[in-house]
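Here's a quick briefing on side-chain contacts, meant to be read with the model open. Grab your viewer and follow along.

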Amino acid sequence: MRKTILALAFTFLGMGLYAQEGLKVGIHAGLPIDDFNDEISLMAGIDLGYMWALGEVVDLGVSTGLIYGFKESFQSDIIAEGLTDVQFVPLAASLRIWPSNSFSFGVDGGYGIGLNKGNEGGIYYRPIIGYLMGPLTEINLSYTGIQLENRTWNTVSLGFLHTFEF
């Protein structure tokens, strides 16, 4: 009987932790892969979005932020010249699925607006896996892809996200 009561109590407490509705503010950092690997040494980003809970397991929202790729300073033991920092502002729709009260996966998809000279931007996608460290704080692992005209911006990053409920 005691196990049954504890199981019910955890079930009802956990139900409130599934959907994470509210304003999301986060940071992430990572490494470039493929096309920009020789030009960019490190990338960092700021995330801002809002999620609405469609039920206990699915969240839908909008997101934006800033993705900043820092140019490579040294290349093949000589100072690299002519390289520039790369910046994007993503405008995207977000989907998160919560199969448990502490684990989520989803995707952001939309358009990444290029900010630096010669960067027109392109189709933006970001699959993401998150783990709740507390009721409103998440760490996540993501892959970011932006399809440019003849190249692709690809990065793998680790992030920290906090939800502000209103």
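What follows covers salt bridges, one serine and the aromatic rings.

This is a predicted model, so keep the ground rules in mind: local features need pLDDT of at least 70, side-chain atom pairs count only at pLDDT 80 or more, and totals for chains, interfaces and linings use all residues. Residues are numbered from 1 along each chain as its sequence is written, and side-chain values use heavy atoms, with hydrogens and water left out.

**Salt bridges**

- Searching the whole structure turns up three salt bridges (a side-chain nitrogen of Lys or Arg within 4 Å of a carboxyl oxygen of Asp or Glu).
- Asp-47 pairs up with Arg-126, with 3.1 Å between the closest N and O atoms. Asp-47 sits in strand β2 and Arg-126 in strand β8, so this pair ties together parts that are 79 residues apart in sequence (strands are DSSP runs of E, at least two residues, numbered from the N terminus).
- Both Asp-47 and Arg-126 are buried (buried means under 20% relative accessible area, exposed over 50%, and partly exposed in between, using a 1.4 Å probe and protein chains only).
- Asp-108 bridges to Arg-96, and their closest N and O atoms are 3.0 Å apart. This pair links distant parts of the chain, twelve residues apart: Asp-108 is in strand β7 (residues 103–114) and Arg-96 in strand β6 (residues 86–97).
- Asp-108 is buried at 4% relative accessibility, and Arg-96 is buried at 12%.
- Arg-151 meets Glu-39 side chain to side chain, at 2.8 Å from N to O. Arg-151 is in the loop between β9 and β10 (152–164) and Glu-39 in the loop between β1 (22–33) and β2 (40–53), so the pair ties together parts that are 112 residues apart in sequence.
- Arg-151 is partly exposed at 26% relative accessibility, and Glu-39 is partly exposed with a relative accessible area of 26%.

**Ser-142 and its neighbours**

- Ser-142 lies in strand β9 and is buried, with a relative accessible area of 4%.
- Its side chain makes a polar contact with the side chain of Arg-126, at 3.1 Å (a pair of N or O atoms within 3.5 Å; within protein, one must be able to donate a hydrogen and the other to accept it, and residues adjacent in sequence count only if both atoms are side-chain atoms).
- Leaving out residues up to four places away in sequence, Ser-142 touches Arg-126, Pro-127, Ile-128, Thr-155, Val-156 and Ser-157 (contact means heavy atoms within 4.5 Å).

**Aromatic rings**

- There are six aromatic pairs in the structure (rings of Phe, Tyr and Trp, the last by its six-membered ring, with centres within 6.5 Å; planes under 30 degrees apart are stacked, over 60 edge-to-face and the rest tilted).
- One of them is Tyr-68 with Phe-70, a tilted pair at 4.7 Å centre to centre and 50 degrees between the planes. Tyr-68 is partly exposed at 25% relative accessibility, and Phe-70 is partly exposed at 36%.
- Tyr-125 and Tyr-143 make another tilted pair, 6.3 Å centre to centre with 35 degrees between the planes. Tyr-125 belongs to strand β8 (residues 122–132) and Tyr-143 to strand β9 (residues 137–147), so the pair ties together parts 18 residues apart in sequence.
- Phe-36, Phe-88 and Trp-153 are linked into a cluster by ring pairs.
- Arg-151 turns up again over the face of Phe-36, 4.0 Å from the ring centre (NZ of Lys or CZ of Arg within 6 Å of the ring centre and within 35 degrees of the ring normal).

Note on methods
Helix = DSSP H or I, 4+ residues; strand = E, 2+ residues; numbered from the N terminus.
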